[in-house]
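Student: Please take me through one part of this chain in close detail. I would like the disulfides, and then whatever else can be said about the strands and contacts.

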Amino acid sequence: MKHRGRHRRRRRGKALRATLAGTALALTATATLISTSQATDADDPGALKPLTSSAETAPLRLSEDHVPPEWLDRLSSEMGRPVGVRAVLDDTDGSLRGAGSCTDDDKRALPVEPSATRAYCWDGADVEGWRPGAVTTSGDADDDGLWGPSRVVLSAWSQGDATADGTAAQGPAVTGAGAGQGLARVAFIDADDPADLRYTWAQLAVPVAGGQDYRGLVSPVTGMVWYQDKLLVTAGRGDGSALYVYDVDRVQRATADGSTVGRVPGGWSAAGARYVLPAVAVYRTADADAPQPGGISLDRSTVPDSLVAHEAVAEDHDGPTRLWRYAFDDDRARTGLLATDPLLRADPVSAYETKLTHVRSVLSYGSGWYLGRMTGTPDERGTLWRQDTEGARPTRCGADETHRCWSGPSASLSYWQETGEVWSQTGRMLFALPLTSVDGSLD
């Protein structure tokens with residue numbers, strides 16, 4: 001892949017940041033604070049505990065396995081030449097509404113403190129029966145914040161509900177390969193114009209039968225990172241994999257409309273989407289009981305850049321929760337893949353334990369780990385903590401300085417370094433806010 005240019009377009013980035021600073025949204029007027037007298041937040045979890053012994057880190061090892069190139073070539077020969085991100089963006093399915101056109105019910109899902117500086121909502125009919133998942137951006141893909149000439153946000157959605165450990169509850173019925181559980185899809189969002197975000201759906205799939213067919217990815221997408229030309233997506237424990245890898249330059253056009261996934265009489269179907277992304281590789285854990293990544297995000301403050309993860313745990317898990325990171329490979333022949341040994345095994349370069357429970361999102365930058373935590377049902381507000389090896393601090397809000405200021409169902413954090421924004425989504429809301437505002441709201 002041709003490198004898309006470090007340290008370019010800085011003047012444009014400064015102008016954008018100035019624009020965003022002047023257009024902060026007053027989005028918290030409809031939010032409902034939950035008092036500390038109504039529920040008890042987690043006590044101070046203290047500092048992160050480093051995990052250093054091989055017994056503690058060995059279960060976090062991943063093995064890398066590639067889809068045979070001939071399988072992908074066979075799909076391409078049958079479905080047509082793959083297309084890139086720009087072609088997908090130009091073939092629009094719909095538009096997101098600005099915050100002023102969103103309902104009060106939708107906006108209640110936004111965080112109270114820090115507040116979003118821009119926000120958008122999905123049309124309810126287009127996401128009915130689908131659950132929001134992870135978010136990543138072209139700010140992850142390249143440090144200039146662009147993919148080619150475009151600013152892009154990727155938003156993942158899964159059918160049905162997702163449990164805390166990444167397994168999928170029964171979703172709306174689907175047919176074809178992967179039938180019986182919830183499928184996963186990604187919206188490619190053209191974010192060049194902050195006032196007009198347009199999106200196109202692509203079905204996530206896995207090649208099967210030697211590349212003569214594909215099945216839908218059957219998993220809640222609780223974590224997703226777009227790095228260089230690869231998209232890394234978490235898989236539920238029931239799938240048998242930890243991460244799937246997709247190549248954003250290998251998007252295929254579906255040629256038949258319908259609810260099925262895969263080859264159908266007369267063409268190829270993607271459960272209603274007009275595009276499909278077939279996986280090109282997979283990362284697996286050593287055994288079924290090994291820790292699974294729950295949320296993931298990119299950390300550009302490390303050298304090399306790294307993928308961070310929090311552990312996917314069951315609802316009744318009472319802690320501690322593990323956090324860890326993998327280094328990305330700096331070999332140009334392995335763009336977007338994790339650094340591995342000669343046997344294609346990826347080991348964590350650092351790992352920690354936190355006493356926080358019910359962690360649902362993770363972001364690491366500098367020395368800090370930002371952890372989003374559920375404190376009750378998805379309808380209740382959650383907490384957002386910054387934790388490191390020295391201690392922990394939560395964001396606070398309201399007259400009683402409750403910790404419950406964050407979005408309860410938010411399941412993803414993605415830092416767009418070039419603009420300084422953190423992106424997330426909750427309910428039907430997609431939103432962004434400056435990382436500096438998170439740090440400023442810590443007690």
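Tutor: What follows goes through the disulfides, then a sheet, then a single serine.

The model is predicted. The count comes to 2 disulfides. With bonded cysteines counted along the chain, their pattern is 1-2, 3-4.

Take Cys 102 and Cys 121. A disulfide joins them, with an S to S distance of 2.2 Å. Distant parts of the chain are linked here, since the two cysteines lie 19 residues apart. Cys 102 sits in the loop between β4 (97–98) and α5 (104–107). Cys 121 belongs to strand β5, which covers residues 118–121. The torsion about the S-S bond of Cys 102 and Cys 121 is about -100°, so this disulfide is left-handed. Cys 102 and Cys 121 are both buried.

Now the other pair. Cys 397 is bonded to Cys 405, and their sulfur atoms are 2.2 Å apart. The S-S torsion is about -105° for Cys 397 and Cys 405, so that disulfide is left-handed. Burial applies here too: Cys 397 is buried, as is Cys 405.

Next, the sheet. It is open and has 4 strands, in the order β24-β25-β26-β27. The pairing is antiparallel. At the edges are β24 (359–365) and β27 (392–394), each of which pairs on one side only. From one strand to the next, the twist averages 20°.

Look at the pairing that involves edge strand β27. Its partner is β26, residues 383–387. The two run antiparallel and pair over 3 bridges. Within this part of the sheet, Gln 387 stands opposite Ala 392 of β27.

Last, Ser 414. Strand β28, residues 414–416, contains this serine. Is Ser 414 buried or exposed? Its relative accessibility is 3%, and buried means under 20%, so Ser 414 counts as buried. Which side chain makes a polar contact with the side chain of Ser 414? The partner is the side chain of Asp 140, at 3.1 Å.

To recap the cysteines: Cys 102 pairs with Cys 121, and Cys 397 pairs with Cys 405.

Technical notes. Residues are numbered from 1 along each chain as its sequence is written. This is a predicted model: local features need pLDDT of at least 70, side-chain atom pairs count only at pLDDT 80 or more; totals for chains, interfaces and linings use all residues. Side-chain values use heavy atoms; hydrogens and water are left out. Buried means under 20% relative accessible area, exposed over 50%, partly exposed in between (1.4 Å probe, protein chains only). A polar contact is a pair of N or O atoms within 3.5 Å; within protein, one must be able to donate a hydrogen and the other to accept it, and residues adjacent in sequence count only if both atoms are side-chain atoms. Two strands pair if DSSP finds at least two bridges between them. Axes are lines fitted to C-alpha atoms, for helices over the stretch in contact, and angles run from 0 to 180 degrees between N-to-C directions. A disulfide is a pair of cysteine sulfur atoms within 2.5 Å.
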